[in-house]
Amino acid sequence: QKTFLYALFRQQYLELIEAQEVQKAFALLSKRLKPLEPHARKSSEFQDLCYLLTCKSVPDASSFRDWGGVVAGRELLIEQFSVLLDIEATDTSDPLEVPP
C-alpha cells in the first residue's frame with residue numbers, strides 16, 4: 001500500500017514539474033515523497049526526483065525520459081490500483097465483516 005502511495009505522489013509530483021509549479025512540487029517532495037522514499041522503485045529515484053526541480057520538463061532528466069506524460073502515468077496508476085484491489089479481494093486471512 002505504501003508503494004502505491006509513493007507511486008501516486010510521484011505521479012502528482014511529475015505533473016507539477018511538467019506544469020512548472022516548482023514550489024508546489026518542492027512541498028510535495030518534502031512532505032509526501034521523502035517519508036516514502038524507501039518504497040521507491042530504485043534507490044536513486046528520489047535523488048532523480050530532486051534533480052527534476054532544476055529541469056524545465058520531466059523528459060529533460062534522463063531517468064524520466066520514458067515518462068509518457070500525464071495520461072499514460074495516470075493509466076499506469078489505475079493498473080497498479082486494480083492489482084492492489086485484486087490482491088486485497090483475494091486475501092481471506094482477515095475477512096471484512098459486512099453488517100446486515
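Student: Which residues lie nearest the centre of the largest pocket, and how many line it?
Tutor: A7, R10, R41, L76 and Q80 lie nearest its centre, and 22 residues line the pocket. Keep in mind that this is a predicted model.

Student: How much space lies in the largest pocket?
Tutor: About 470 Å³.

Student: Which helices supply at least two residues of that lining?
Tutor: Helix 1 (2-18) and helix 4 (70-90) each do.

Student: And how do the lining residues divide into nonpolar, polar and charged?
Tutor: The lining has 9 nonpolar, 8 polar and 5 charged residues.

Student: Switching to A40. Where does A40 lie?
Tutor: A40 is in a loop, the one between helix 2 (22-33) and helix 3 (45-51).

Student: Does A40 count as buried or exposed?
Tutor: Buried, because its relative accessibility is 18% and the cut-off for buried is under 20%.

Student: What is A40 in contact with, leaving aside its neighbours within four places in sequence?
Tutor: Y6 and E45.

Student: Now the core. How many residues are in the largest nonpolar core, and which have the most contacts inside it?
Tutor: That core has 20 residues. Y13, L14, L33, L49, L52 and F64 have the most contacts inside it.

Student: Which helices supply at least two residues of this core?
Tutor: Helix 1, helix 2 and helix 3 each do. The largest share, 6 residues, comes from helix 1.

Student: What does Y13 touch, not counting residues up to four places away in sequence?
Tutor: A25, L28, L29, L33, L49, C50, L52 and L53.

Student: C50 is on that list. How many disulfides does the count come to?
Tutor: The count is 0. C50 is in no disulfide, and the nearest cysteine sulfur, that of C55, is 11 Å away. C55 is likewise in no disulfide, with the sulfur of C50 as its nearest at 11 Å.

Student: Why rule that pair out?
Tutor: A disulfide needs the two sulfur atoms within 2.5 Å, and the sulfur of C55 is 11 Å from C50.

Student: Is C50 buried or partly exposed?
Tutor: C50 counts as partly exposed, because its relative accessibility is 29%. C55 counts as buried, at 15%.

Key
Residues are numbered from 1 along each chain as its sequence is written. This is a predicted model: local features need pLDDT of at least 70, side-chain atom pairs count only at pLDDT 80 or more; totals for chains, interfaces and linings use all residues. Side-chain values use heavy atoms; hydrogens and water are left out. On a 1 Å grid over the protein atoms alone, a cavity is a set of points where a 1.4 Å probe fits but cannot get out, and a pocket is an open set with protein on both sides within 12 Å along at least five of seven lines; lining residues have an atom within 4 Å of a point. Grid points are joined across faces, edges and corners, and a volume is the space filled by probe spheres set on the points. Helices (H or I, at least four residues) and strands (E, at least two) are DSSP runs, numbered from the N terminus. Ala, Val, Leu, Ile, Met, Phe, Trp, Tyr, Cys and Pro count as nonpolar, Asp, Glu, Lys and Arg as charged, and the others, Gly among them, as polar. Buried means under 20% relative accessible area, exposed over 50%, partly exposed in between (1.4 Å probe, protein chains only). Contact means heavy atoms within 4.5 Å. A nonpolar core is a set of buried Ala, Val, Leu, Ile, Met, Phe, Trp, Tyr and Cys residues joined through side-chain atoms within 4.5 Å.
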